[in-house]
Amino acid sequence: MSKDVNPNVPRSVEEIVATALACVEAGASIVHHHNDEPNVGEPSVHSVHPYHEAWSRIWAHHPGLLMHPTTSGERSCAISDRFSHIAELHRRGALTMTTADAGCLALAFDSPGGPMPLPAFGNSADDVDWIFGWCREADLPLHVSIFEPGFLRLTLAHHRAGRLPERTKIQLYFGGEAALFGLPPTRAGLDAYVEMLSGTGLPWMVGVPWGDVLGSGLAEAAVRAGGHVRVGLEDYAGAGQPTNEELVAGAAELGVRLGRPPAGVGEVTGALWG
């Protein structure tokens, strides 16, 4: 999301640090952000320094806070190159959580003139296998992005084979109204994923890119079903121009109301993986 859409979107290192600290105060226990580099398109190799600089400042206030970056979905270069900034952050001892997009996504959006296609985004099955192998070696908590049911089926096959890191968290993305991908943010869509995850012991959370996870009612359904909630301006396409911390506060209030208050920074690892 650009500042033209919402001026509250943090883009600079200073803005990211300030927003992250405000979100933790509002109830966030995991932080994810991007640099000013695209997920689709060049450069396909992202920079290390903006992440390291922002995280160092945030950790000065909240040591051990789980933070994870993004990777490019541009598939014109090798996954080892697209993952190189994450590997370098790990080499520097500056990585608390890693990330994986568990498949390839046909991006498109609805419009009055018909579907608007974008370049394919994500990773081949070979790429996913490489990422999971790297993450097992790193032995860090892992965030796995699930945009389509096939992403989850592939991830669960790795899980059955013992090929996922011990601390793996599943991120279920449901497409918002204009997004022509993923299951819709409905109880039926959630139930399909919950059934697939049944018996795996994997913690999971929900988000709605180009939608509103809170306003749609999906967040409440997920919390009632034992899941967790992701909020943020990267996803948000609801009414108004909120800040990230306002969205976090809304999710925290929902958890309190349902008897599941947010875990603190020092409690989240135990809350997710026991």
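Residues are numbered from 1 along each chain as its sequence is written, and side-chain values use heavy atoms, with hydrogens and water left out. Because the model is predicted, local features need pLDDT of at least 70 and side-chain atom pairs count only at pLDDT 80 or more, while totals for chains, interfaces and linings use all residues.

In soluble globular proteins, nonpolar side chains tend to be buried together. A nonpolar core is here a set of buried Ala, Val, Leu, Ile, Met, Phe, Trp, Tyr and Cys residues joined through side-chain atoms within 4.5 Å, where buried means under 20% relative accessible area, exposed means over 50%, and partly exposed lies in between (1.4 Å probe, protein chains only). The largest such core has 62 residues, and the members that touch the most others are Ile146, Ile170, Leu172 and Val206. If neighbours within four places in sequence are set aside, leucine 172 is in contact (heavy atoms within 4.5 Å) with Ile146, Leu152, Tyr193, Leu197, Trp204, Met205, Val206 and Gly207. There is also a second, separate core of 5 residues, which includes Leu66, Met97, Val268 and Trp273.

Helices (H or I, at least four residues) and strands (E, at least two) are DSSP runs, numbered from the N terminus. In helix H2, which covers residues 49–59, Tyr51, Ala54, Trp55, Ile58 and Trp59 are buried. Seen down the axis of H2, these buried residues fall within an arc of 125°, so they line one face of the helix; the arc is that of the directions from the helix axis to the C-beta atoms. The buried residues of H2 pack against helix H1 (13–26), strand E2 (66–68) and helix H4 (84–91).

Aspartate 139, in the loop between helix H5 (125–138) and strand E8 (142–146), has a positive phi of about 55° although it is not a glycine, and aspartate 139 is partly exposed, with a relative accessible area of 47%. Tryptophan 210, in the loop between strand E10 (204–207) and helix H8 (218–224), likewise has a positive phi, near 60°, without being a glycine, and tryptophan 210 counts as partly exposed because its relative accessibility is 42%.

Glutamate 267 lies in the loop between helix H9 (244–257) and helix H10 (268–273), and glutamate 267 counts as exposed because its relative accessibility is 51%. A polar atom of the glutamate 267 side chain lies 2.8 Å from the backbone nitrogen of glycine 264.

Definitions and conventions: Polar contact = N/O pair within 3.5 Å; in protein donor to acceptor, adjacent residues only side chain to side chain.
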